[in-house]
Amino acid sequence: MTPILPLVVLALVVAAMLGHVAVPAVRPWAWKAVGALGAVMLVSLWYFGLYWAPPEQFMSDVGRILYVHVPHVWMALLAFTLNVGCAVAYLMKKSWVTDALAESAAEVGVYFGAVGVMMGSIWARPTWGVWWDWDPRLISTTVMLLAYVGYLALRSFTEDPERRATWSAAAAILSYVSLPIVWFSVRWWNSLHQVQSNPSTVDKPMVAVLRWGAVTMLCFLFVFIVKRYEIARSRQTAAMELPPLEAPRAEVA
Amino acid sequence: MKRPSLLGAAWLVLKKDWQIEWRTRARLTAIIFFSLATLLLFSFAMGPDIVTLRAHAPGYLWLGLLFASVLSLGESFRVEAENQALTGLVLTPVEPRAIFIGKVLGNASLLFVLSLVLLPVAVALYDVDLGRDPLSLVLVLFLGCVGISAPGTVYSAISANARARDVMLPLLLFPVLVPLLLAAVSATKFTLQPDPQEQLGSWLKLLTAFDLIYLSVGFLLFPKVAEED
C-alpha cells in the first residue's frame with residue numbers, strides 16, 4: 001500500500017458524504033455503503049497496523065496503537081468542529097436541523113474523544129511510565145471532553161426545546177473557544193508529549209497506515225452521526241409538539 | 001425620557017445589583033464565610049507543614065475563589081428569576097448587551113472584594129509574603145475575577161432556569177476556566193514568591209487575553225441567551 005491509496009478512498013468517502021447531504025435519493029443506501037467500506041477497512045487495518053507496518057524505531061510494537069489512537073482524536077475534533085459550526089448556524093438562523101445535527105455531532109464526538117484519550121493513556125503507561133501527564137494535547141482534549149459532557153448534560157436537563165437549542169449552542173461556542181487557550185496555557189506550564197510528527201519525519205508505510213486508520217474512522221464517524229441525527233430528528237418530531245419559531249427579535253438601536 | 005447609552009445602561013444595571021447587594025449584604029457575607037471555610041479546610045487537609053502550605057497558597061486561594069464564584073454567580077441570576085425580573089429587564093428599551101456588561105462588572109466586583117478579604121486570611125493561614133509585589137498581585141486578582149465572571153455570567157443566565165441548576169453551573173463553567181486557573185495560580189505564585197525567570201509577564205498576558213476573548217464572546221452570545229430566559 002502507498003500513502004496515496006488512503007487519499008483515494010478518502011475522496012470516495014467524501015463524495016458519498018456530499019451525496020448524502022445533497023441528493024435525498026441516495027440517503028437510504030449511501031450510509032450503508034460507507035459503513036460496509038468502513039468494516040472492510042477496519043479488518044484490513046488490523047492486518048496493516050499489526051503485521052504490515054514496521055515496528056516503531058523507539059517504541060517498537062507499542063507504537064502501533066498510534067494507528068487507532070490518533071484517528072480517534074482527529075474524529076473527535078472533527079465532530080466538535082461540526083458541532084460548533086452547527087451552533088453558530090443555529091444562532092444565526094434558528095433551525096431544528098442544525099440543532100439535531102449539533103446534538104448528534106457532540107454525542108459521537110464525546111464517544112470518539114473518550115476512546116481516544118483512554119487509548120492514549122494505555123500508550124502512555126509503557127512509554128512514559130505513567131498513565132497520566134501534564135501534556136498540552138492530553139489536557140486540552142480531556143478538558144474539551146469534560147466541556148462537551150457538560151453540554152450533553154445541559155441538553156438533557158433542559159425541557160423546552162427552543163431554550164435547549166439556544167442555550168446549548170451558546171455553551172458549545174464558549175467551550176470550543178477555550179480549546180486553544182487551554183492548549184497554550186498547559187504548554188507553558190509543562191510539556192512532555194512527543195513533538196507532533198508530520199509525514200516527512202515518519203516512515204512512508206506508517207503514514208499510509210495512519211491515513212488508512214483515519215479514513216476508516218471517518219467512515220464510522222459518518223455512519224454514527226447519520227444514525228444519531230435520524231434519532232434526534234424523530235425525537236424532535238415524535239415526542240414533542242414543536243412550537244413555531246419566532247423571527248429573530250429586532251435589535252433595539 | 002432620554003434613552004441611556006450602552007455604557008450608561010450597563011452602569012444602571014451595575015448600580016441596581018450593588019444596591020440589592022448593599023441592602024442585605026447576604027451574598028457577600030455568605031461567600032466570604034464559605035471561602036474562609038474552604039481555605040481552612042485546605043490547611044487541615046494538607047497538614048501543619050507551613051512550607052508546603054506556603055508553596056501551594058496561590059492554588060488554595062484561587063480554588064477558594066472559584067468555589068465561592070459558583071455560589072455567587074448562581075445567585076446573580078436567581079434574584080432575577082423571582083417575579084420574572086429578567087424578562088422585565090430584557091423588555092426595557094436598552095441593549096441586552098448592557099445587561100451583560102453590568103452583570104459581569106457586578107459579579108467581578110463582588111469576587112474582587114472577596115479576594116481582597118481573603119488576602120490577610122492567606123497570610124494568617126499560609127504565611128505568604130504580600131509585600132513582594134502588591135500592585136501586580138492586585139492586578140492578577142482583578143483580571144482573574146473578571147475572567148471568572150465573563151463566561152460565568154453567560155452560564156449563570158443559562159443555568160438559572162435549567163433543571164438541576166446547582167450542578168449545571170460548575171459542570172459547564174469549570175472546564176472553560178481551566179486555563180484561567182492555570183494562569184491565575186502561576187501569576188499569583190510569581191507575585192508572592194521569587195520570579196527568577198520573569199514569567200509573571202507572560203501569565204498576565206494570558207489572563208488578559210482570556211478576559212478579552214470571553215468578554216467579547218459573552219458580549220455576542222448574551223442577547224441570544226437572554227431572549228430565551
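**Conventions.** I number residues from 1 along each chain as its sequence is written, with chains lettered from A and ligands numbered from 1 in the order in which they are written. Since the model is predicted, local features need pLDDT of at least 70 and side-chain atom pairs count only at pLDDT 80 or more, while totals for chains, interfaces and linings use all residues.

**Confidence.** I looked up pLDDT (the predictor's confidence in each residue, from 0 to 100) for chain A: the mean is 82, and 87% of its residues reach 70 or more. Among helices (DSSP runs of H or I, at least four residues, numbered from the N terminus), α1 (residues 4-22) of chain A has a mean of 83, the lowest, and α3 (residues 66-92) of chain A has the highest, 90.

**Contact.** I counted residues in contact (C-beta atoms, placed from the backbone, within 7 Å) and found 29 residues from chain A and 27 residues from chain B. On the chain A side, α5 (136-157) and α6 (161-189) each give two or more residues. The largest share, 18 residues, is from α6(A).

**Helices of chain B.** After α5(B) comes B:Asp127, with a positive phi near 55°. α8(B) bends by about 40° at B:Leu221, with B:Pro223 following within four residues.

Key: Two residues are in contact if their C-beta atoms, placed from the backbone, lie within 7 Å. The bend at a residue is the angle between axes fitted to the seven residues ending there and the seven starting there.
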